[in-house]
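Work through the following exercises with the sequence and the structure in view. Try each task before reading the solution below it.

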Amino acid sequence: MTTIAATAVDRRRPAGRSVTSATRPGFAWALPATVFFVLFAIVPLVLVAVLSVMSWDGIGSPQFSGTDNWVKLFHDPVMIKSLWLSVLLTVLGVVVQTPISILLGVWAAGHQRNRAVLSAVYFVPLLLSATAVSVLWRALLDPNFGVPSEASWLFGDGNLFGSQSGAVGVLAFVGAWQFTPFHTLIYQGAARAVPPVLYQAAQIDGAGTVRQFFHITLPQLRNTIVTSVILMVVGGLTTFDTVLILTQGGPGTDTTISAYYMYQKAFKGFDFGVASAIALVLVVVATVISLAVVRLSGYDRMRSTSEGL
Amino acid sequence: MKRQAQLSRVAAGSVAVLLGLALTACGSGSGSASGGGDKIHILVYGDASNKVETQIVDTFNKTSKVKAVLDTVPGADYQGKLQTVISTKQAPDVFFNWGGGSIAPFVKAGLLLPLDDMIQQDPALKSDFLPSVFNSAVIDGKAYGIPMRGTQPVMLFNNKKVLADAGVSEPKTWDELLSAVQALKAHGVTPIALGGGDQWPTLMWFEYLFDRVAGPGLFEKALGGDKSAWAGEDSKKALGMLKQLVDAGAFGTNFDSVKYTDGGSPALLARGKAGFELMGSWEYSTQQDASPDFAKSELGYSSFPTVTGGKGDPGALVGNTNNFYSVLKKTKHPEAVAEFLKLQYSDDFVKAQLAIGNLPTTTNTLDFVAAAANPDYSKFQFDLVKQASTFQLSWDQAYPQTASTPMHQAVQQFFNGQMDADAFIKAMQALPTS
């Protein structure tokens, strides 16, 4: 009896609201993920925060050292430089990869067969591990036996890893080579989700390909761009493997980005306290930048791009 | 509503199961690692040499009541893993190390057993090893390690054919090296291959030149905490000579982009693009692996040139003296450990090491050297080590681990011109010494 009454009540509800409640399930759905997040992200984060006020070389028990690590870190020129380098590499990553992956993604969203084959080729770097990619480029860029020795008109003596600009350039290039396919994949999916009626309408109004791209595709990709940029920012700030293999932070400290500096402090210098402090700085910087991207792009308002359809 | 309630129950249930699983997994893990009462755990660096260690452990287990268990950790993870387990219940009884600074923090933390009592009961534990090697695991007058594996002195390797073509002979003195550099440059090859991207190969040039110019005293003083040693006349002279060598184009201009670890600088030497390479004795096995023909017929080797007027002994060596077994104080079976350590100077051990290309540092090594991969090379190396008045452990191993990164950076920056002598001295003075 009650069920029938409830259905009767439901029928009288405005249609829009019942749709909302159907697409927004209860909190229980998020519970498994939340538990894992707390176990593997929040708990370690708290432990790292505790360790950042300790002095610990891995032997015996950590000793409380107050703000020592933080004071050391704020007076450490390498730390400040490493943050700038992290931001520089991240910005370079976004600036280089975003336009390429949007263009490639939109292009690959077509359904012709040659595109499928070609996009499969473009996605190959995505299948390789970062380590394999780094080893590969390290060998290709060897000054005596790699590409530079054959093209000295372009590379000079091939000392790419011997100057800051060269080493940073290589890191940005290898990062782009490795991750552009991933972002292309996201954009391909998003571009395919753009309702075809929009293009049909534009065509009727006489808009060419370029206009369609700027007035339909790009605005429709807005949320995807934000997602992709956030992924690039987080990925860029935590870049590690390429630096470890390609430059080892050198020459000198010229490519010692924060994540690598943290590794050096923890597992080369066995100064886990300072390393934890660096980790926290990275968490804060990444969070602030991600939030800024979300805010500035209006992503937090979650306005659907399919509104009005 | 009802469906939601059900869902949350299911979710909560599955979480509880998962948590339970995780907890039991942890529980059983720590239980098994605490170790039985009649076993000793031997922790070693995991690589090709494990063949010999496995063999020695098998030999030991045949006669011993207390059984030895060999735990290997892949090389790259070894130091980190050791540091994390050494003060826990899971700590091994015996572990592999590099002597010097690599065990100093453990000694300071009171974790290691001084071996002097064992040596008193069995003097061969000390007297059967070459003294210059044995002494690099002596800290504050007490022995903390027994040599195992092979010695790794740094030598000046060369490509015989390149040298002959350029009319250069193996340099005996620093001045001969400088003129060899000029001749090789004129001949159109990079005079000296250097894997500057790895940084530690660059450090070898500092280690030798400082030792030749100032003698071992300077570094000992600096390591002991006397930072003024770095600013002395000898230090400045050595730095000036290094600068002169770099400026003369001895290493070419792209050494920062070349690595040893990926085979770059050894390939320069093997393919005749460079005349010399300063490298540890493992250069031979590296070349044998990558360019066997070159290793067999064209790879030459000599000791580091002497420096006229230098205070150092021309026979002194730098490098890694050897690897060592150290013992934890809390081992429950010190007698069994003592028996195990005795195997490190046995004939079987020496033969097995030579067979895989290592040069063990027992006094009787020469008796078996004919069975080595390259007897001439092994004999040359053995004589070098035997006659060396001092054997300076690589600076980055002698210093505490916190120093290695800034030391490597300073060394690289001095060579590529980002740092001048004064800045280098300051960087060395800033290194932690304890």
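**Exercise 1.** In this predicted model, determine how many residues of chain A are in contact with chain B, and how much area the two chains bury between them.

*Solution.* Begin by counting the residues on each side, which gives 36 residues of chain A in contact with 42 residues of chain B. Next comes the area, since the size of an interface is often given as the accessible area lost when the parts come together. Chain A and chain B bury about 3,000 Å² between them, and 55% of this lies on carbon and sulfur atoms. Within chain A, the residues that lose the most area to chain B are Ile59(A), Phe145(A) and Phe270(A), which together make up 20% of what that side buries.

**Exercise 2.** Find out how many salt bridges cross the interface of chain A and chain B, and which side chains meet in a salt bridge.

*Solution.* The rule finds one salt bridge across the interface of chain A and chain B. The side chains of Asp262(B) and Arg138(A) meet in a salt bridge, with a distance of 3.6 Å from N to O.

**Exercise 3.** Describe each chain by its helices and strands, its buried residues and its accessible surface.

*Solution.* Take chain A to begin with: it has 17 helices and two strands, and of its 309 residues 41% count as buried. Chain A exposes about 17,000 Å², of which carbon and sulfur atoms supply 70%. If we consider its contacts with a separation of 6 or more, 69% are accounted for by residues 24 or more positions apart.

Now turn to chain B, which has 22 helices and 13 strands, and in which 55% of the 434 residues count as buried. Its accessible surface comes to about 18,000 Å², with 54% belonging to carbon and sulfur atoms. Among contacts in chain B between residues at least 6 apart in sequence, 77% join residues at least 24 apart. The C-alpha atoms of chain B fill a box of roughly 85 × 65 × 50 Å along the principal axes, and the mean positions of its 37 positive and 42 negative charges are 9 Å apart.

**Exercise 4.** Decide whether Gln188(A), Ala259(A) and Met419(B) are buried or exposed, and place each of them in its chain.

*Solution.* The cut-off needed here is that buried means under 20% relative accessible area.

1. Gln188(A) is found in helix H11, residues 164-192 of chain A. Gln188(A) counts as buried because its relative accessibility is 11%. Apart from neighbours within four places in sequence, Gln188(A) is in contact with Gly105(A), Ala108(A), Ala109(A) and Phe123(A).

2. Ala259(A) is found in helix H16, residues 258-268 of chain A, and is buried because its relative accessible area is 6%. Beyond neighbours within four places, its contacts include Leu237(A) and Leu282(A). The C-alpha atoms of Ala259(A) and Leu237(A) are separated by 7.3 Å, although these residues are 22 apart along the chain.

3. Met419(B) lies in the loop between helix H21 (404-415) and helix H22 (421-429) of chain B, and counts as buried because its relative accessibility is 16%. With neighbours within four places left aside, its contacts include Phe414(B) and Phe424(B). Met419(B) and Pro334(B), by C-alpha positions, are 50 Å apart in space and 85 residues apart in sequence.

Conventions: Residues are numbered from 1 along each chain as its sequence is written. Chains are lettered from A and ligands numbered from 1 in the order in which they are written. This is a predicted model: local features need pLDDT of at least 70, side-chain atom pairs count only at pLDDT 80 or more; totals for chains, interfaces and linings use all residues. Side-chain values use heavy atoms; hydrogens and water are left out. Helices (H or I, at least four residues) and strands (E, at least two) are DSSP runs, numbered from the N terminus. Buried means under 20% relative accessible area, exposed over 50%, partly exposed in between (1.4 Å probe, protein chains only). Contact means heavy atoms within 4.5 Å. Accessible areas come from the Shrake-Rupley method with a 1.4 Å probe; for residues, only the protein chains shown count as cover. Lys and Arg count as positive and Asp and Glu as negative; His and the chain ends are not counted. The place of a charge is taken as NZ of Lys, CZ of Arg, CG of Asp or CD of Glu. Buried area is the accessible area (1.4 Å probe) that two parts lose on being put together, summed over both. A salt bridge is a side-chain nitrogen of Lys or Arg within 4 Å of a carboxyl oxygen of Asp or Glu.
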